[in-house]
Amino acid sequence: MSGYHHTTTTENLPTEHLNPVFTSENMAEVQVILKRYPEGKQKSAVLPILHIAQKQWGWLSSPVMDYVATMMDILPIEVYEVATFYTMFHTNPVGNYVLEVCRTGPCCLLGAEQVIDRIKERYNIHEGETSADGMFTIKPVECLAACGFAPVMQIREQYFEHLSVENIDALLDQLAATDPKTIGYVGNMPVDVK
Amino acid sequence: MALKILTEHINVPGIKTLEVYRQYGGYRSVEKAVKTMSPDDVVEEVKKSGLRGRGGAGFPTGMKWSFIDKKSGNPRYLVCNADESEPGTFKDRYLMSNNPHALVEGMITSSYALGANLSYIYVRGELLYVIRILQKAIDEAYAAGYLGKNILGSGYDLDLHVHPGGGAYICGEETALIESLEGKRGNPRNKPPFPAVKGLYQNPTVVNNVETIAAVPWIVNNTGDEYAKIGIGRSTGTKLISACGHLQKQGIYEIELGVPVEEFIYSDEYCGGIRKGHELKAVVAGGSSVPILPAHLILKTANGENRLMTYESLADGGFATGTMLGSGGFIAMDETTCIVRNTWNFARFYSHESCGQCSPCREGTGWMEKVLYRIEHGQGREHDIDLLVDVAKKIEGNTICPLGDAAAWPVAAAIRHFRHEFEWHIRQPQEATQPGAVYREQVLV
Ligand SMILES: Cc1cc2nc3c(=O)[nH]c(=O)nc-3n(C[C@H](O)[C@H](O)[C@H](O)COP(=O)(O)O)c2cc1C
Ligand code: FES
C-alpha cells in the first residue's frame, strides 16, 4: 500500500505534481470543454477536467486538485469532494496500469473472482495495492456495462473482455512488456482476450 | 425475423458515419419534425406511441414530456441518461458505440419537441471510448447543419454536448445525474420539485434513457399509431434486452415486447438455451435491482400462464411471485450458482454505491452486506434471515431516491424464493463453505 494519504502535504510527491500546469494540448481541450456549459455554470466542467488531469498526472494529488480549483475559480473543497466521490479518480499514487477488474454478480458467474485472485496472487498484493515493480495496481470495480462479455477489466479507456484464469497471465506479461503510455489512452475499442 | 427498430442497420459497415447513416434513412425525423411539425405535434406522436421509459421505471415518455414547464419561459433542457450502471445492463453502450447517430438524431428530434436549445448526453465515465465515438457523430451533425443555429433553415437552434461521469451508479438516478452534471457529488434531490419543473440549473429538464430517445425517430417517421401496433397492450414497441450469465449466446437482442420468456431463453434466434450440460436455476430479468425468480416462476406465472417479455407479464403476481422488466438486463443462472453468494455480491454493490445521504440506505445496505457476508462465509446465525428481511423492510420506501428499494428488493426476493439455501449455509456451514459448494435440493416457493 502506498504511504501517501490525502493531505495537503507535498512531501514525497513526484516533481511533476509540484506546481502542476496543463500541457498546452490539454489546456486547449479544457478550454473547449468549459464552453459547453451556460455562462456562470462552468463548475459543471469539473468531471471532464479531472479526467484530463488524471490522464496527464496519472492520479490526483492535492496540488493537482488545487490547480484545477484555481483554474476553474472554485474552492479546493469543491474539487476534493467530487474527486473522492467518484470511483474513477485515484487520490493516491497508482502503478503504471490500474487493473480495474469488474467484481459484480454477472462477471462473477463467469469467473471474475478467480481472475482477481490470480492477479493478487501473482503480484502478492491486496486490493488497492501496487506490485513491487510499480507496474500494476489491482482495483476491483463494480459493473462496467459489459456483462455479456464477462469477465471484464478496464485499463484507462480500454476494455479487456472474456478474461479467464487461463488467459490473464499472458495478458499481464504482454502489458508488462509494452510501453504503458501506449495502452488505453486514446479511446481504443474493447479487446476480446479470448 | 422479428421487426427491428433500434438495431435494423447496426451492422451495416460504416453506419457510424453520417454519410452511410443518411443513406439508410438517417436524420429524416429531424427534417420531418422541424419542417412540417410543431413541437407539440411531436409530443403528441410520442404520446400515441405508448413508448415507455427504457431506463428501468417504464414511465410513459409522452406524458413525461407533457409535464415540462413551458410557461415559465426559463430555458429547457433535455438530458440523455447514458449512465448505464445497473448490473446486467449493457444495451446502451452497444447502441451508442455501434450506431451513434441514432442517439444524436433522437436527441435533436426530442429536443425540438421539448423546445430545448441546449442538451446533454451524460455518459458514464468508464465509457470514454464511447464518448469519443459520440463526439465524432455530433461533430458530423454540426457540419451537416443538423445541429447549431437555424437547423435546416427552420429557425430552431440546438447545441448538443457529451458529458462524462466519474464512476458512480447513483448518477443513473435522474436527480443525482443532474447534480453530477452541475459538477457536484451525485446526491439525489428531494422530489418535488420534479426535474420537469426544476431540473438542471433549476430549469425545466427532461431526463430520458438512451434507448427511449433512440426510439423517437422511428415514431416521428412512421407515426405513433404504427409504433403502438407493435407489442402487446401497454407494452408497445421493441426493447433491447442485454442477456448475460450462463447462456449459450449472451448478447444484446432487440425483441418485440411480448416474446415469451421461454422462447427468449431457449430459441436459437435469441439466447440459444443454457450453457451446455447445465440447466436454468434462476433469472434476474431486469437488472440487479429487480426480484430474482426461480426457473419455474420466470417461465410461467403462478397461474400457469406463459410468462411474456412485457412490463405487465413479468410483474404478474406482484413481488410474491413476479418481478419487473426493469432495464432489460437479463441475468440467467444455472444450477452451479450459489444464490447466497450472488445475493451477498449484489448487497455489496448497493452498499458500495449508496451515496450516503439517507441513514436507512447508508447504514442498512452496509448492514445487509455484513450479515450476508457472514452467512456466505459460514458464520451465519439462526436469526440472521429474519434480520435481513427486517432491515430490507426498513430501508424500503424510507429514502430520498429508489436506490434503497433497489438494494432491499434483491435480498428480500432471494430469501423469499431460496430461503432453504440461506438456512443450509447457516446450519451446515462446513458443507456450504467448501469451494464451489451449492445447495442442490428442490427449491421451494
Ligand atoms: C439507483 C438508480 C440508478 C439508475 N440508473 C439508471 C441508468 O443507469 N440509466 C437510466 O437510463 N436510468 C437509470 N435510472 C432511472 C432514472 O432515474 C430515470 O428514471 C430514467 O433515466 C428516466 O428515463 P426513461 O423514462 O427514458 O427511462 C436509475 C434509477 C435509480 C434509482
Ligand atoms: S457485471 Fe461485470 S460488466 Fe457487468
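## Two helices crossing in chain B

In this predicted model, helix α3 of chain B passes helix α6 of chain B in a left-handed crossing.

Who touches whom here? On the α3(B) side you'll find B:Pro39, B:Val42 and B:Val43, and they meet B:Thr109, B:Tyr112 and B:Ala113 from α6(B). Sorted by class, that contact of α3(B) with α6(B) comes out as five nonpolar residues, one polar and no charged ones.

Now for the contact between the two chains. The size of an interface is often given as the accessible area lost when the parts come together. For chain A and chain B, that buried area is about 4,100 Å², with 59% of it on carbon and sulfur atoms. On the chain A side, A:Arg36, A:Phe85 and A:Leu109 supply 16% of the area that chain A buries against chain B, more than any other three residues. Counting residues, 44 from chain A and 62 from chain B take part in the contact.

Side chains of opposite charge can pair when their charged atoms come close. Over all chains, the structure holds 39 salt bridges. One pair to look up crosses between chains: B:Arg132 sits in helix α7 of chain B (residues 128-143), while A:Glu157 lies in the loop between β3 (153-155) and β4 (158-161) of chain A. The closest N and O atoms of the B:Arg132 and A:Glu157 salt bridge are 2.6 Å apart. Between chain A and chain B, the count is three salt bridges.

## Backbone spots to check

Which peptide bonds are cis? Among them is the one joining A:Ala150 and A:Pro151, with omega about -15°. You can find A:Pro151 in the loop between β2 (136-138) and β3 of chain A. Over in chain B, the bond from B:Pro192 to B:Pro193 is cis too, with omega near 0°. B:Pro193 belongs to the loop between α8 (174-181) and β4 (205-209) of chain B.

One more backbone detail is in chain A. A:Asn19 has a phi near 50°, which is a positive value in a residue other than glycine. Look for A:Asn19 in the segment before α1 (24-34) of chain A.

Note on methods. Residues numbered from 1 in each chain as written. Chains lettered and ligands numbered in written order. Predicted model: local features only at pLDDT ≥ 70, side-chain atom pairs only at ≥ 80, totals over all residues. Heavy atoms only, no water. Left-handed = near helix turned anticlockwise from the far one by under 90°. Helix = DSSP H or I, 4+ residues; strand = E, 2+ residues; numbered from the N terminus. Contact = heavy atoms within 4.5 Å. Nonpolar A, V, L, I, M, F, W, Y, C, P; charged D, E, K, R; others polar. Buried area = accessible area lost by both parts, 1.4 Å probe. Salt bridge = Lys/Arg side-chain N within 4 Å of Asp/Glu carboxyl O.
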